[in-house]
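Please open the model in a viewer and keep the selection panel at hand. The stops below proceed from one selection to the next.

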Amino acid sequence: MNATSCPRTAPEVAAYLDGELDLAHAVAFERHLEECPACARELAAQEALRGAIQDHAAELRFHPTPAQTERLRRAVRQAGGPAEVPAFRQWRQLSAIAALLLVAVTSWSLGRLWPPRPAAGLAEEVVAGHVRSLLAGHPADVASTDRHTVKPWFTGKLDYAPAVIDLAGQGFPLIGGRLDYLGHHPVAGLVYRSDRHVISLYTWPAAYTEDRAGPVPEAATRQGFHLRHWTRNGMAYWAVSDVEEDRLSRFARLLAGS
Amino acid sequence: MPPLGLAAGGDTMSARVADLSALPTMPILFRDRASRRDGRLHRFEAAVLPHLDSAYDLARWLTRSDAEAEDVVQTACLRALKGFDGFQGANPRAWLFAIVRHAFHDWLRQRSRGHEIADPFDEEIHTQEAGSQGEGPEARLLRQADGRLLREGFAALPLPLREAMVLREIEGLSYKEIAAVAGIPMGTVMSRLARARRQLQDFLIAHGAKEPTP
């Protein structure tokens, strides 16, 4: 070790002196001090400096004069006291809030009177997505009967995790999953089989489409395809298939009630 | 700098302090406004005003002027009052320091005297000359420095070093608290303090050595 310099240098000495080294480092540093005159001297110098500062701490600290203190306290009291906010400002705030409230109530009522009907257009999209997958002969991007394979496949492809439920025991074996693009969002499509028929089950966060459907599956038919639509735990579900209506109802009830 | 084991991390607090100073107050209507404001003012005065002297001390060291220090503290107090509803931390003193510091830097910018902080201040330049003073009487010399000389030495430090040194040596803050107040990592606190002490030592030795000590 060079007698006049040491790579550990002042920062570690300062941290040691300030009691800011954790125990392990403090012990290691003390061991180092025994064999490093540079650090020992640095520590002695910093201790001397600290001692001098502490001796003169009172002289080093600035205090506001009583007049300054009084002015500062008065400024706070004026700013925080009731007199500071003039009545007209309260009225301005009040009227601004009232106006906002009016706008909010009005737009809410308009929304109630003329609800958007995303479901109508979405039903077409759901059928189109299902038909597209059948036309391509490619109902599933990930073909697996194991929901533990299908569910992780969506990770990183969607910003939500679709529930993947296996209904093989009820006669609807899972055959895979695919990505689709419906309602202006990439969505999860799960593919089930019922005998020779394919059922597509789309699911996405209900908020995507401001879905107001209830938990009981609603029935619809488009171009000969049957649809069932419901929401559950904040997720929207659409089941679509050319399977007989009873089978699809049973499928939907199993999922909606499970 | 080699990674050193500092005693604790300062992240949570620094986030809290930074958030709070920016919080606006939301008017809550339908309550007796006057009495609510009275209660709020009372709580503010009880929590924050005991630290008025500390705030002034920091502002005075940063501005190096009595009048400017008062202005900065007043600005800071009014901002603190404004953001007080959002303050839930356990350390109103450090919170006030952070606001004083912000108010000071705003004042500095307004006065277009930014050159003091705009000075290139390289955190990476460490005190390589540690121990280069040679053997001998520096510890004794330092120990004998008087209040006036120390004051001059503190005042001569560059702003970031002065700030760290005042918070540590005069106001007694921990590294973690300084990191939160100044919005810098703990390692930077450590290296700034080390540089500040080095410079202060050099200053005291250079100026103290001229005068024969009794």
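In which sense do strand 6 of chain A and strand 7 of chain A pair, and over how many bridges? The two strands pair in the antiparallel sense over seven bridges. Before the tour continues, note that this is a predicted model, in which local features need pLDDT of at least 70 and side-chain atom pairs count only at pLDDT 80 or more, while totals for chains, interfaces and linings use all residues. Residues are numbered from 1 along each chain as its sequence is written, and chains are lettered from A and ligands numbered from 1 in the order in which they are written.

**First stop: strand 6 of chain A and its partners**

Select residues 225-232 of chain A, which make up strand 6. Helices (H or I, at least four residues) and strands (E, at least two) are DSSP runs, numbered from the N terminus; two strands pair if DSSP finds at least two bridges between them. Six of the eight residues of strand 6 of chain A are buried, a residue being buried if 20 or more other C-beta atoms, placed from the backbone, lie within 10 Å of its own, exposed if 12 or fewer, and partly exposed in between.

Arg232(A) stands opposite Met235(A) in strand 7. The hairpin of these strands has two residues between them, and Asn233(A) in the turn has a positive phi of about 50 degrees.

Then turn to strand 5 of chain A, which runs antiparallel to strand 6 of chain A and is joined to it by five bridges. Arg222(A) has Phe225(A) as its bridge partner, and Ala219(A) stands opposite Arg228(A). This hairpin also has two residues between its strands, and Gln223(A) takes a positive phi near 50 degrees.

Display the seven strands of chain A together: they form an open sheet in the order 1-2-3-4-7-6-5, with antiparallel pairing. Strand 1 (142-143) and strand 5 (218-222) of chain A each have a single partner strand, so one side of each is left without a neighbour in the sheet.

Select helix 9 (159-170) and helix 11 (186-208) of chain B, which pack at an angle of about 95 degrees with their axes 9 Å apart. Helix 9 of chain B is therefore roughly perpendicular to helix 11 of chain B, a term for angles of 65 to 115 degrees. Axes are lines fitted to C-alpha atoms, for helices over the stretch in contact, and angles run from 0 to 180 degrees between N-to-C directions. Among the residues that meet are Leu161(B) and Met165(B) in helix 9 and Leu193(B) and Ala196(B) in helix 11 of chain B.

Note on methods. Angles under 35 degrees count as roughly parallel, over 145 as roughly antiparallel, 65 to 115 as roughly perpendicular and the rest as oblique. Two residues are in contact if their C-beta atoms, placed from the backbone, lie within 7 Å.
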